[in-house]
Amino acid sequence: RQTRSVGLQQLHIFTMSVAFDLGVDVGGTNTDCAVISRTENGDVNVVGECKHATSPDVTSGVICGVEAALSRCGKSYADLRHCFIGTTQFVNALAERSPALAKVAVIRLGGCGVSAIKPFETLPPKLAHRIDGGYHIVSGGFSTTGSEFSPLDHQEVEEAAKQILAAGVRSVAVVGLFASKCGTQEDRVAKIVGDVFSSSQTFVDITMSRHCGGQNLLMRENASILNAALKPLARTVCSGFKAAFEGRLSDVSLVFLTQNDGTCTHLDGAAEFPIRLVCSGPTNSMRGAMLLGKCHLVDKNTNVDEIFVCDIGGTTTDIGAIVNKTGFPRISTLENVIGGVRLQSRVPMTESLALGGGTVVNLHGPQIAIGPQSVGAQLMQKSLIFSRPDHPERTVTATDVACAAGHLASQSIPGTDPAAVDGLDKAKVSACVAKFVEMVEVSISRLKSSPAPVPLLLCGGGTLLLPQNVQISGVSEVVLVPHAGVANAVGATQAEVAADHEDVHDLANFGAVNSILEGVDAEQDSPEQKAAYDAALGKLREHVQEKVCAAAVAKGAHGESVRCVEYRTAALSYMTDKAYKAAVNVTARAIGKIDFEKVAAASGGNRANENDCDVDPSSKPTSAAASEQTPGAATQTEVFDSDTVLDPRRKIPHPSVDENGVWDLSETDVELISAGASVLGSGGGGHPRSSGGLHRAKSQFRAGRKIKVISPDALKPGDEVVSCAYFGSPTVMVEMIGSGEEMTGALALMHSVLAERRQLDKVDFAACYSAEAGGTNALEPLVAAAINNIPFLDADGMGRAFPRLELYLPYHLTSRYGPITMCGARGEPTLHEVPAREGADATLRQHVFETHGGVAGIALPPLTAEEVRTALVPHSISLCWRIGRAVHDAHVDHKNAVRALLDIAQGRLLGVGTIMDAPARESMWSSGNYTFVLERDDAAEDDNGMPRSLLGSEHGEAIVHYVNEYLLVHVAKPRGGEEPVEMKLVASTPDLIVLLDPETARAYHCDEVRFGMRLAIAQLPAPEQYKGDSSAAKAVAPAGFVSDFGALVRGPTGDVKPETLEKARTPVVSVCDEYAKKN
């Protein structure tokens, strides 16, 4: 192709065979269309484009935009080969709780193993009210080993289907325990439900959860529910697109919709899985900008790992990173909130700023205010340069500021009035533009995976907000991509086909013999054993990659283009039983370019799930506009309809404590305790939200129960208290959420055992307490307290989370080691005698995996009131509450949340950095480390900002070591140094090491941390019981983990001395005591 510039136009003369594709991106304000050419040698060029207002019915606006784009390049529909469409209709429908959402019935398989938290309970209330069509929890499900948890009962499922039919619900989500590992039971349930509805000649939509998520039952179920709720709208949308292009395109089977992760699906696939399409916009923008702009970089063959994209639209600015090696966006590895619902969807890791062309700017006050309000689609009516002087709602927008700063030649934009901005204060205009640049700069800094400068590509209709030749700290060069206004439509045409794999594999099937699997500590194994183990891992990788690549080809990828772009393994945490040592969780993804002939042949009615139902003949098309809404309105809906009761606009009120010091917990209190417990988990213990502890505790209020908290000082002589907890693997707990009665069963057996031994009719406990204040076990005993109607004690047995039961303080400060009682989801409590603390953890852990599938409730030996005062950490639940409140109130006051957390927890900031190395735990050895590149910290102390860090001014790298919890921090390289130096320990157990989001202070656990994340490393003081020369202090010192860390904690002259905060922690005041006086 030859190209020469003609003013702002380009004249294209084609001298070789070309194909033309169409890209469309439907937004809430505009529909962008682009016609691209693809040559035989792979060159892609934009030959026609159009930005058209999105119409109420969507499809007519699409056709108008497409025809305008075709007209501008002299082409017709007959010249088009394929059409790719990205649309916001589905995410907008969720955000506004649209009437187009269907009622959904859930059939959950797993019986008592999944009944603790009911379907719809974790959804925002308004959304749940809109789509809740009832639920049925039936027997079935699998275990983590792949064996059946319980058999499927055909009659039970059939009865559930009949009740759903009678209720008039026509969308069903089938969710099986460990269905992401084995989906055969979901298939059987779908067949039974389909048969029941077919017998009454009634249409039914069925969504199976394994197509909607990985190993996390609640998140996978929520994705399945949303998918089922969206399917009627998806059929309408897809039918609309099909009708719009039928008669225009030669074959509508070659119309594709783009998905969240840069892949695509045909219209029938989109109608089946709309949940995969809800966030395709940012992905399309980034891929389009990469295609259009990379060749314009000064270093065209740049070797940087990532290229950043900044898409400035009418309402928001989205910033993300394209992985240079794959050409796809860096994917978020954490939970995502879509429509107020927490999911595990594959969406780009982006930062969204309330900055766009329509952003409202206030230049009149003492300080410049930018957003978050936006005029959105009414820019032409309300901005100064576009609106009439007498318009009553005329306001200053970011576009007006850009015009006043001279960023655009107003004569090139019809209908503008350049004089309208002459009255704006020039100094404030300049300061405002500087703030625009700073907002982008800060977001890029947060997303960068290394301190090295990165190239930045600008796209979107609002790029004029930034000055020409803008200089951005941390950015090597800035390129405004050609066709910036339609980069999202261009990106849509680059969609590919992908296949995913997630499963738990047994290495014994790949050559790892039993003798290799008998040790837990890597240092105890011979080189031959390690070599054999590594060989088994290699065979597993070959097997999975071959399988996932074949799956991509089967889904429509061209075989020669398929490549495995992701392969990640992780050991299942806390699993020490021999049968589980070889268990490795594998996640893999393969991607390939579309084999258009194969996809066209496969489309035309073939659905991705095996349900044979056709489109409901009785369903009437509804206006797709019912789901349309401006982004600003969508955001507001999410804020006020959330799965949290915390109001982001208001500070926390006083808790309810009576004159006797009894604290009556509310849902707000439980959420605050959960936030603090996540921090005290120090990277482990299971996140209270994802592990289900928060939801199990909140469900007690819905059941009409009370949760009362008392201070240890309220105990009377002779009182006894008991500790209960969940025991096992948090990795299993996120899937097997249990019956909610595991701890109650263990407590009941403890009552019975002690009564028999003491020859009493019964034994009463004055309260129960948490074995550890960190992680999900800080909240789990709240459930037992509520069900047994006994108070909950404001104290715990660790003051944090630790990886082994032997580190439980009463095991060191009393002689009470047993009895211990255990109960799983199926009931059947068991008694365990523990004569000494050594080996207690291993004994119980083997039983919990062999008998209960990896998770059970336990009750530990009771303590007297006198023992409580010496052996437990007092007021630790109050500390959790205070941390949660401090972080929440800091957000309300627009202050730094990390500073607020460190102030209340009496800790210090070690540094802020980006993770450059985060090796996966590929074996049963559970220790590991994360390497951080630290940010320079030379700024003056700011009482309202991030506190000064200990390491930021002198050190370049830090390494955080963990054994399910973070235990050590070393510095390995001086600031500006090229060569690493001898590692120096700067923080260690028993102090708490915490990784926090620098902006929100959200704590990140070991299993959540990934390469490229920017986190703050904080150190909090340990409870006083772990200080000094006691057996407890020795057990939790670095030397106590020599089998995990080796030479790191055993220096040349002996054990490494702990590096803990010197200043003793000021005693925490119990909420019970403080507010009893105030009330």
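This is a short tour of a predicted model, stop by stop, with what to select and what you will find there.

**Before you click**

Residues count from 1 along each chain as its sequence is written, and side-chain values use heavy atoms, leaving out hydrogens and water. Because this is a prediction, local features need pLDDT of at least 70 and side-chain atom pairs count only at pLDDT 80 or more, while totals for chains, interfaces and linings use all residues.

**Stop 1: colour by confidence**

Colour the chain by pLDDT, the predictor's confidence in each residue, from 0 to 100. The protein chain averages 83, and 86% of the residues score at least 70. Strand S7 (residues 104-109) has the highest confidence, at 98, and strand S1 (residues 2-6) the lowest, at a mean of 26. Helices (H or I, at least four residues) and strands (E, at least two) are DSSP runs, numbered from the N terminus.

Now select residues 1-16: pLDDT stays under 50 there, and the model has 25 contacts for them beyond four places in sequence. Contact means heavy atoms within 4.5 Å. Residues 576-580 are also below 50, with 13 contacts beyond near neighbours in sequence.

**Stop 2: the four-stranded sheet**

Which order do the strands of the open sheet take? Show them and read across: S8-S7-S9-S10, with parallel pairing. The edges are S8 (132-138) and S10 (205-208), each pairing on one side only. From one strand to the next, the twist averages 20°.

Zoom in on S7 and S9 (residues 171-176), which pair in the parallel sense over six bridges; two strands pair if DSSP finds at least two bridges between them. Pick Ala 105 and look for its bridge partner in S9, Val 172.

Axes are lines fitted to C-alpha atoms, for helices over the stretch in contact, and angles run from 0 to 180 degrees between N-to-C directions.

**Stop 3: two loop residues**

Select Gln 259, in the loop between strand S11 (255-258) and strand S12 (264-266). Buried or exposed? Gln 259 counts as buried because its relative accessibility is 10%; buried means under 20% relative accessible area, exposed over 50%, partly exposed in between (1.4 Å probe, protein chains only). Its contacts beyond four places in sequence include Arg 276 and Ser 280.

Finish at Gly 376, between strand S19 (369-374) and helix H9 (379-382). At 16%, Gly 376 is buried. Its C-alpha is 5.2 Å from that of Gly 358, 18 residues apart along the chain.
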